[in-house]
Amino acid sequence: MALGNYSNTDNNHTNGILWIADTAQKKFVPVGEDGEFLEIQVKINEDAKPGSYTFSGTDFARGSSIGSMLDKNEKKITYEYIPGVITIGGEAQPQDIDTSGIKVSIDNASANPGDTITLYARFHNLQNTNTELIAINFFLEYDNSIMNVTSIKACGAFSSSGSFITN
């Protein structure tokens, strides 16, 4: 399945993201601790109105809050997406991430019109999984009448191994 930019009439925009391990060299990414794995630069539009706007991860079906990744034995590991909220003209609220099950969250952040902000996608509750990943694939979804992604790059363990593809 090809990655792509998708927009619809209600201003939802989606960027596809795919990370694949270097399986030929057997360089899998060990995952057993929480932390950042994507750095996302977001430009807030100059004419953005004050308010709170969702910035979320979603799967291929667009809108699902459950995603999956594959370990080196091609076993599917499921996780829940926790969306971030960009608050324009106000203070960002702290996120409350529960400790049941694996989560992937996008940061909450404060911004003003015209700002460029950095968000991170983070793993949560990975303790004791001690697995090595072969692939993770998901989409970022946001309102492009308010903001636009200007760059996405791998960070943490994902920055030193495998192939990272985004659009």
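Predicted model: local features only at pLDDT ≥ 70, side-chain atom pairs only at ≥ 80, totals over all residues.
Q: Are Phe55 and Tyr142 buried or exposed?
A: Residues are numbered from 1 along each chain as its sequence is written, and side-chain values use heavy atoms, with hydrogens and water left out. A residue is buried under 20% relative accessible area, exposed over 50% and partly exposed in between (1.4 Å probe, protein chains only). By that rule, Phe55 and Tyr142 are both buried.

Q: How many aromatic pairs does the count come to?
A: Rings of Phe, Tyr and Trp (its six-membered ring) pair if their centres lie within 6.5 Å; planes under 30 degrees apart count as stacked, over 60 as edge-to-face, and the rest as tilted. By this rule, the number of aromatic pairs is three.

Q: What kind of pair do the rings of Phe55 and Tyr142 form?
A: A pair of aromatic rings is described by the distance of the centres and the angle of the planes. For Phe55 and Tyr142, the centres are 5.3 Å apart and the planes lie at 10°, so the pair is stacked.

Q: How many residues apart are Phe55 and Tyr142?
A: Strands (E, at least two residues) and helices (H or I, at least four) are DSSP runs, numbered from the N terminus. Phe55 lies in strand β5 (residues 51-58) and Tyr142 in strand β12 (residues 131-143). The pair thus links distant parts of the chain, and the separation in residues is 87.

Q: What kind of pair do the rings of Tyr79 and Tyr81 form?
A: Tyr79 counts as buried at 2% relative accessibility, and Tyr81 counts as buried at 4%. Their ring centres are 5.2 Å apart and their planes lie at 85°, so the pair is edge-to-face.

Q: Which residues touch the most other members of the largest nonpolar core?
A: A nonpolar core is a set of buried Ala, Val, Leu, Ile, Met, Phe, Trp, Tyr and Cys residues joined through side-chain atoms within 4.5 Å. In soluble globular proteins, nonpolar side chains tend to be buried together. Here the largest core has 35 residues, and those touching the most other members are Ile40, Phe55 and Ile86.

Q: What is the distance in space between Val42 and Leu119, C-alpha to C-alpha?
A: Val42 is found in strand β4 (residues 35-44) and is buried, with a relative accessible area of 0%. Leaving aside neighbours within four places in sequence, Val42 is in contact (heavy atoms within 4.5 Å) with residues including Phe55, Leu119 and Met147. In sequence, Val42 and Leu119 are 77 residues apart; in space, their C-alpha atoms are separated by 7.5 Å.

Q: Is Ser56 buried or exposed?
A: Ser56 lies in strand β5. Beyond four places in sequence, its contacts are Pro83, Ile106, Phe139, Leu140 and Glu141. With a relative accessible area of 12%, Ser56 is buried.

Q: Which residues point the other way from Lys103 and Ser105 in strand β9?
A: Strand β9 covers residues 103-106, and its four named residues are buried. Lys103 and Ser105 point one way. Pointing the other way are Val104 and Ile106.

Q: Which residue in β11 stands opposite Ile106?
A: Two strands pair if DSSP finds at least two bridges between them. Strand β7 (residues 76-82) and β9 pair in the parallel sense over three bridges, with Tyr81 opposite Val104. Four bridges join β9 to strand β11 (residues 116-124), and these run antiparallel. In β11, the residue opposite Ile106 is Ala121.

Q: How many strands does the secondary structure of the protein come to?
A: Read along the sequence, the pattern is β-β-β-β-β-β-β-β-β-β-β-β-β-β. There are zero helices, and the number of strands is 14.

Q: What percentage of the residues of the protein count as buried?
A: The protein has 167 residues. The share of them that counts as buried is 44%.

Q: Which element of the protein has the highest mean pLDDT?
A: The mean pLDDT of the protein is 79, and 71% of its residues reach 70 or more. Over residues 1-9, pLDDT stays under 50. Strand β1 (residues 6-7) has the lowest mean among the elements, 39, while the highest, 98, belongs to strand β10 (residues 109-111).

Methods. pLDDT = per-residue confidence, 0-100.
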